Amino acid sequence: MMRLRVLPILVRMLLFACLTAAVAPLAGCWDMRYLDKLAVVLAVGVDDDPTGKFLYQVTVQVVLPQNAVTGEKGGGGSPVMTITDTGDTLFEVFRKMSTKTSRRLFFSHTQLLAIHEMTARRGIYPLMDLIERNADIRTDISVIIARGMTAEKLLQIRTQMESVPANQLKEMLQVNEEAQGQTYSVLVRDIARWADSEQKQASVPAIGAKGLPSKGNTKENVDRINPEVIPELTTMAVFKDGKLLDFLTPRQSRGMTWLENKIKSTVIKFSCPRSKGHYMVEVFETETKTMAKLPTRGEDRPVIHIKTRVEAGIQEMACPDFFIEGEESIHEVEQALKKAVEEELKTTIAALQKKLKSDALGWGEAVYQDQPQLWKKISPDWSSLFPKTAYEIECISHIQSMGSRTNSIVK
Amino acid sequence: MFGIDGSKGKKARKSNGDERRPPQAEKHEKEQLSAYEEVPVIADLSDMLDRIKSEMGNSDDLVVRQLRLSDHGQCDVAIVYIQCVVDEMRLDEFVIKTMQEDKVLTGQQALEQQFSSEEKADQMLDRINNHLLSIGKVTEISTFKELFENLFLGSALLFMNGCGKGLAAQVSGGMKRGIEEPKTELALRGPREGLTESIRVNSMLIRRKIRSPRLWLEQMTIGEITQTPVAIMYIQGLVSEDLLKDLRERLDAIQIDGILESNYIEEMIGDQQWSPFPTIMNNERPDVVAGYLLEGKIAILVDGTPFVLLVPVVLNNFFQAAEDYYQSFQMATFLRLLRFLSFIIALLMPSIYVAILGFHQEMIPTQLLLKLAAQREGVPFPAYLEAFIMEFVFEILREAVLRMPSSAGSAISIVGGLVIGQSVVEAGIMSSAVVIVVSFTAIASFVAPVYSLGIAARLLRFFLLLAASTLGFYGIALVVLLLLLHLNSLSSFGVPYLKPFAPVYWKDIKDSLFRAPMWLMKERPQLSTDKNLDRQSTQLEPRQEPSQ
């Protein structure tokens with residue numbers, strides 16, 4: 001049998017050893033760290049430095065695993081702790097915090113960046129760079145605005161549903177996005193991308209607190225059946241050039257979600273057509289497309305075309321004389337739905353165009369994608385062109401179901 | 001009934017043409033049977049018996065029975081055998097009794113012709129051979145070498161005074177283990193019989209599966225002192241001639257004092273002797289052996305062990321269990337995948353655990369990280385040391401249970417499983433996560449149907465653990481890459497070890513990652529045979545419509 005000529009075993013082993021030795025130091029960013037020597041940071045809060053000495057006061061919420069995880073012995077204490085320090089940049093503060101910690105801060109599992117509204121008015125872009133640049137920090141951190149209270153206080157509210165407050169805040173964003181759509185989560189990498197492209201202004205959900213904020217940081221807050229204070233999702237905050245302008249109203253905020261095509265499911269309230277009372281329509285599928293068309297009659301501004309398709313069902317009916325069995329009534333509801341959605345979108349657009357003058361809808365992006373030649377021409381003046389840009393809304397609505405019964409029992 | 005026949009098919013071992021181990025002529029010492037090759041049987045009976053006794057150091061289990069059959073002293077016969085190696089009942093009944101009752105031998109009746117005394121002795125021996133011994137197999141012996149070979153294989157030797165030769169009557173008997181259920185590769189459905197220590201019983205069991213004249217058997221003895229019968233079995237026409245020639249050469253090259261188990265041969269004829277991966281299959285199920293023979297492989301039977309060797313094999317074979325073919329192909333496919341997965345788990349799980357805890361904490365979901373972190377709280381050892389210690393403890397437990405008397409086994413498992421497993425966590429010395437990982441790894445490693453592959457995983461696990469604890473996932477990737485390179489470099493009797501995956505042979509994929517239905521497996525795997533690939537000639541496919 002043919003056998004390949006093989007090197008002597010000693011030579012082969014020597015070769016093997018050399019190659020192994022050569023390959024081992026190739027590990028670029030290897031860095032062993034023991035899990036029990038890490039302080040897992042779940043949320044970072046940024047406020048203005050109250051003393052005015054530095055630019056920022058940063059708070060990190062560190063999870064204490066032995067307390068946070070149920071089923072382990074020990075514990076009983078707070079599931080998280082916060083550490084607060086001041087500095088001019090995030091990285092400066094993070095390293096400064098090592099004067100207060102026995103473990104190294106570990107940012108790979110950070111989920112939330114809370115920014116106080118006053119700090120956000122000064123600009124949020126400086127806060128994004130470290131998160132984008134550092135390989136250890138994820139860029140899918142949700143950004144929120146702490147509204148009506150400092151980010152420090154927000155991160156110090158003890159919550160009941162999730163023992164780790166950062167989880168509560170993060171989950172709140174998700175649940176609301178799926179059930180009502182008043183806000184949608186915005187990640188650090190989204191903001192960074194928008195800032196880079198200059199085709200879209202940032203918008204960030206805001207979270208406030210309901211109740212007495214001072215009671216948040218007490219054990220009583222989680223021992224009570226009705227907590228003294230509970231974090232509450234409010235509306236989207238709109239930015240321009242990285243600086244917070246204002247908050248939208250709840251209706252505008254949902255319109256914003258709608259225009260961003262991020263509504264997964266929501267409900268709309270209608271008055272009964274011929275009597276007192278209300279009925280509810282649940283939107284369970286909707287799709288919104290924003291397209292840019294070439295300007296008509298030699299104008300310099302594009303026309304934005306918004307196309308929405310809404311699939312919905314009647315879920316609550318408290319109208320005595322509204323019989324929804326017939327096709328007529330369904331058609332009536334469909335028309336009402338179409339009108340309501342169009343109204344909501346128009347209000348939102350009006351607020352952004354006329355009041356805030358910020359292209360948080362990303363119309364610039366639509367123009368860039370659909371009419372790149374035009375965008376090249378108008379992009380320098382886009383911020384002044386946006387408020388005057390014409391748009392048209394096309395809404396198609398379908399009622400697909402009426403729930404398990406037809407006419408209401410309300411007589 | 002299944003006596004051992006040492007002389008048939010005996011291979012001359014003078015022409016060892018293998019360059020690996022040149023024959024050493026000077027090694028013909030007294031202990032080796034070949035030293036007796038030239039020593040003839042002595043004609044004088046008492047001298048002969050004295051010589052045998054002295055050669056065997058007057059061993060007490062050697063029985064020498066002298067019979068003076070006729071009163072005139074012209075017919076002295078001696079019977080020599082080793083106690084319990086022969087079936088003494090048959091010896092009494094069919095050898096001694098018939099001789100004692102024969103009228104010619106006892107001198108009551110004269111021979112028809114007159115002979116000289118020497119010729120007469122020959123004549124008498126012929127008469128015994130042809131007329132008297134009602135024994136299936138009788139051979140003439142003329143040298144001491146043949147004498148001893150037959151003696152130890154269970155023959156009774158018969159010598160007659162004045163005759164320069166003797167007779168070996170095959171009356172082998174003695175105690176043998178019965179055919180029992182195999183201990184290693186259990187199957188819920190399928191034959192329950194396992195191979196035994198006797199090479200003849202084993203070849204019988206295989207022949208009972210393949211009733212074909214094309215099933216050929218070649219026997220030889222290996223082991224200068226032990227003279228162990230070794231046989232190769234194959235189906236002529238399916239097996240490749242090159243492979244047979246190669247195997248014969250390798251077996252002929254073995255020069256060793258003794259063969260006690262088939263692993264002796266496995267290690268001496270294997271291709272890559274430094275590899276932890278087995279390149280020769282071992283099995284103790286006759287149905288599995290028969291299955292491989294039908295695929296054109298060669299079985300090597302070694303007397304004294306139920307484990308039959310099979311060549312050539314590829315890695316894929318070690319994931320095939322007998323039961324795969326005895327149950328529905330869907331289930332078999334599922335189990336195949338499960339086995340591959342289990343092997344990967346058995347190999348990688350502890351190292352992945354260590355790598356994640358030591359280097360890549362960002363890789364796992366936050367909730368899981370917090371759970372692990374909470375368990376690690378207060379554990380005095382770093383994760384990698386923890387894993388090393390627990391793996392080591394498990395290996396000790398495993399070895400202890402394997403070697404303990406079975407009555408103490410349950411005590412060990414209680415102490416090992418409950419006391420160590422539980423209290424070590426409760427005392428906070430180890431985290432429960434590492435106990436879970438180690439136990440799961442252990443269970444996964446038992447899924448391998450062939451034990452020798454499990455051993456490879458067992459050893460490599462520590463190697464991977466070392467890589468993971470110094471370099472993290474990068475280290476694991478390096479070692480896995482190395483393993484792949486290594487596996488790719490392996491071959492078993494000329495067949496690439498990773499076939500049919502690398503080199504890809506699409507037709508054989510049908511019986512690798514999954515097991516195709518029987519009616520689709522129309523060809524034999526091309527792994528070991530290159531001719532006569534047709535397994536089914538008909539186009540049998542499932543009926544589309546129910547027959548009326």
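Here is a friendly chat about some local features of this predicted model.

Visitor: How many residues does H14(B) give to the lining of the second largest pocket?
Guide: This pocket holds about 1,300 Å³ of space. Helix H7 (262-269), strand E8 (281-283), helix H9 (329-358), helix H11 (383-403) and helix H14 (451-471) of chain B each supply at least two residues of its lining. H14(B) gives the most, and its share is 6 residues.

Visitor: Among the residues that line the second largest pocket, which are the closest to its centre?
Guide: The lining counts 46 residues, and these divide into 22 nonpolar, 14 polar and 10 charged. The closest to the centre are B:Asn282, B:Pro449, B:Val450, B:Tyr451 and B:Ser452.

Visitor: In E13(A), what is the bridge partner of A:His305?
Guide: Strand E12 of chain A covers residues 303-317 and runs parallel to E13(A), with 11 bridges joining the two. In E13(A), the residue bridged to A:His305 is A:Glu392.

Visitor: Is H10(A) roughly parallel or roughly perpendicular to H11(A)?
Guide: Helix H10 (residues 250-259) and helix H11 (residues 327-356) of chain A pack with their axes 8 Å apart, at an angle of about 100°. Angles of 65 to 115 degrees count as roughly perpendicular. Therefore H10(A) lies against H11(A) roughly perpendicular.

Visitor: How many residues of the contact of H10(A) with H11(A) are nonpolar?
Guide: On the H10(A) side, the contact includes A:Met256, A:Trp258 and A:Leu259. From H11(A) come, among others, A:Val341, A:Leu345, A:Ile349 and A:Leu352. In the whole contact 4 residues are polar and 4 charged, while the nonpolar ones number 9.

Visitor: What is omega for the cis peptide bond that joins B:Val311 and B:Pro312?
Guide: B:Pro312 sits in the loop between strand E10 (308-311) and H9 of chain B. Another cis peptide bond joins B:Ala502 and B:Pro503, with omega about 5°. For B:Val311 and B:Pro312, omega is about -15°.

Definitions and conventions
Residues numbered from 1 in each chain as written. Chains lettered and ligands numbered in written order. Predicted model: local features only at pLDDT ≥ 70, side-chain atom pairs only at ≥ 80, totals over all residues. Heavy atoms only, no water. 1 Å grid on protein atoms, 1.4 Å probe; cavity = no way out; pocket = protein on both sides within 12 Å on 5 of 7 lines; lining within 4 Å. Points joined across faces, edges and corners; volume = space filled by probe spheres on them. Helix = DSSP H or I, 4+ residues; strand = E, 2+ residues; numbered from the N terminus. Nonpolar A, V, L, I, M, F, W, Y, C, P; charged D, E, K, R; others polar. Pairing = 2+ DSSP bridges. Axes fitted to C-alpha atoms, helices over the stretch in contact; angles between N-to-C directions. Parallel < 35°, antiparallel > 145°, perpendicular 65-115°, else oblique. Contact = heavy atoms within 4.5 Å.
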